[in-house]
Amino acid sequence: MPDPIQPLACQRDLFSLPDHVHYLNCASRSPLAHPVEDAGIAGLRSKRVPLLTHDDFFGLPDRIRAQFAKLINTSAPQQIALIPAVSYGMAIVAKNTPLAAGQRIVLVDRQFPSDVYAFRRLAAESGASITTVHAPDAKHQGQAWSEALIDALTPDAGLIVVPHVHWTDGTTFDLEAIGRRARDVGAAFVVDGTQSVGALPFDAALIQPDALVCAGYKWLFGPYTSGVAYFGERYLDGIPLEENWISRAESDNFSQLVQYQDAYQPGAIRYDMGERSNFIQLPMLHAALDLVLRWRPERVQAYCQQLTAPLLADIRALGYHTADEPSRAHHIFGVRMPPEVPLDRLKAALTERHIHVSVRGDAVRVAPHVYNTETDVSALRDALAAVKVTPHVTSHA
């Protein structure tokens with residue numbers, strides 16, 4: 001039997017967030033934790049006397065692969081590449097997914113642009129078409145949306161790109177069911193885990209994605225321009241975007257580098273970005289993943305659920321709308337405003353109270369984490385209550 005979830009205490013002391021700042025926007029970017037900051041400073045200072053070792057070039061990248069493999073439950077760290085951005089990982093997928101004219105690429109409506117542009121080009125160059133699956137107007141939106149995606153996976157579908165969690169409102173998708181259907185029709189199954197991995201459990205052995213691409217500066221708590229991607233068997237013999245010296249066979253033997261090699265390092269290492277052994281950012285990402293593994297995604301979910309449950313009950317009573325469970329995650333969710341809430345007044349109330357969230361049209365995206373406290377949640381509750389306009393009632397004498 002799995003170990004019971006041990007409650008996670010607030011981790012605010014690991015961060016430099018001022019008491020008056022209510023940062024509920026990890027979906028935009030995470031704050032910098034002290035161990036990650038320390039690792040970056042040490043890496044920066046190492047440039048003073050740059051006595052680099054074999055471990056700096058090869059050992060640390062491999063330890064990061066092992067950390068991420070543990071996080072997503074795969075026993076194949078060699079199938080993990082170090083990338084600078086989601087767009088880079090998706091470009092690798094697009095370059096190595098052969099499609100024929102008449103095949104379809106299935107995408108999710110309002111998907112983040114980095115999950116779209118590479119596949120628009122792929123469609124234009126291959127003669128394939130794009131099917132965008134829109135959110136159904138249903139109470140259990142996540143389940144209904146997943147079913148709509150499964151229905152779109154007919155035998156002419158060659159590729160589906162889907163997030164684990166929708167970046168605008170936290171809608172979760174049934175990746176196990178979508179993946180099964182993709183395999184049934186032979187379509188490549190690609191997941192953007194940027195808004196989930198690290199904060200929501202992800203089991204690669206169970207979900208079996210052909211590729212999983214993650215930015216590192218959000219729920220993985222790493223620096224900007226750092227990311228990781230897992231590639232399944234479908235992509236392990238592909239062509240990388242760059243022809244790096246370090247991704248070639250025997251590249252760890254510096255004295256033989258001009259004995260040029262056509263073979264790559266095993267697995268997905270061929271897809272590593274150029275200068276992947278960034279001596280400032282990689283130590284930061286390593287320290288960040290150490291924190292994430294210590295917190296454990298299931299405990300992050302439990303912490304966020306307990307923290308925000310009273311908030312959600314209170315603001316629903318005020319007329320605000322949030323999706324029902326299990327259609328959304330606990331670490332990121334959308335709060336839709338009633339018509340009588342003026343957007344300008346809401347933004348002013350948030351700014352006045354030093355509340356940091358993302359306002360998206362008629363919705364507020366709230367993204368808490370383990371550094372947030374009841375004070376942060378209460379501040380948001382007060383702001384939403386303050387801008388709720390009471391309809392004017394004219395009295396007749």
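Me: How many salt bridges does the count come to in this model?
Reply: The count comes to 15 salt bridges, where a salt bridge is a side-chain nitrogen of Lys or Arg within 4 Å of a carboxyl oxygen of Asp or Glu. The model is predicted, so local features need pLDDT of at least 70 and side-chain atom pairs count only at pLDDT 80 or more, while totals for chains, interfaces and linings use all residues. Residues are numbered from 1 along each chain as its sequence is written, and side-chain values use heavy atoms, with hydrogens and water left out.

Me: What makes Asp 62 and Arg 65 a salt bridge?
Reply: The closest N and O atoms of Asp 62 and Arg 65 are 3.1 Å apart, which is within the 4 Å of the definition, and therefore the pair counts. Both residues lie in helix H2 (residues 54–72), 3 residues apart, or about one turn of the helix; helices (H or I, at least four residues) and strands (E, at least two) are DSSP runs, numbered from the N terminus. Asp 62 and Arg 65 are also linked with Asp 272 and Arg 276 in a network of salt bridges.

Me: Why is Arg 65 called buried?
Reply: Arg 65 has a relative accessibility of 2%, and buried means under 20% relative accessible area, exposed over 50%, and partly exposed in between (1.4 Å probe, protein chains only), so Arg 65 counts as buried.

Me: Which parts are tied together by Arg 336 and Asp 169?
Reply: Arg 336 forms a salt bridge with Asp 169, the closest N and O atoms being 3.8 Å apart. Arg 336 lies in strand S9 (residues 333–336) and Asp 169 in the loop between strand S5 (157–163) and helix H6 (175–185), so the pair ties together parts that are 167 residues apart in sequence. Arg 336 is partly exposed at 29%, whereas Asp 169, at 11%, is buried.

Me: What is the volume of the largest pocket, and which residues lie nearest its centre?
Reply: A pocket is found on a 1 Å grid over the protein atoms alone, as an open set of points with protein on both sides within 12 Å along at least five of seven lines, whereas a cavity is a set of points where a 1.4 Å probe fits but cannot get out; lining residues have an atom within 4 Å of a point. The largest pocket has a volume of about 360 Å³, a volume being the space filled by probe spheres set on the points, which are joined across faces, edges and corners. The lining holds 24 residues, with Val 86, Phe 112, Thr 194, Tyr 217 and Lys 218 nearest the centre.

Me: Why is Phe 221 called buried?
Reply: Phe 221 has 0% relative accessibility, which is under the cut-off, and so it counts as buried. Phe 221 is placed in the loop between strand S7 (211–215) and S8, and its phi is near 65°, a positive value in a residue other than glycine. Most residues other than glycine have a negative phi.
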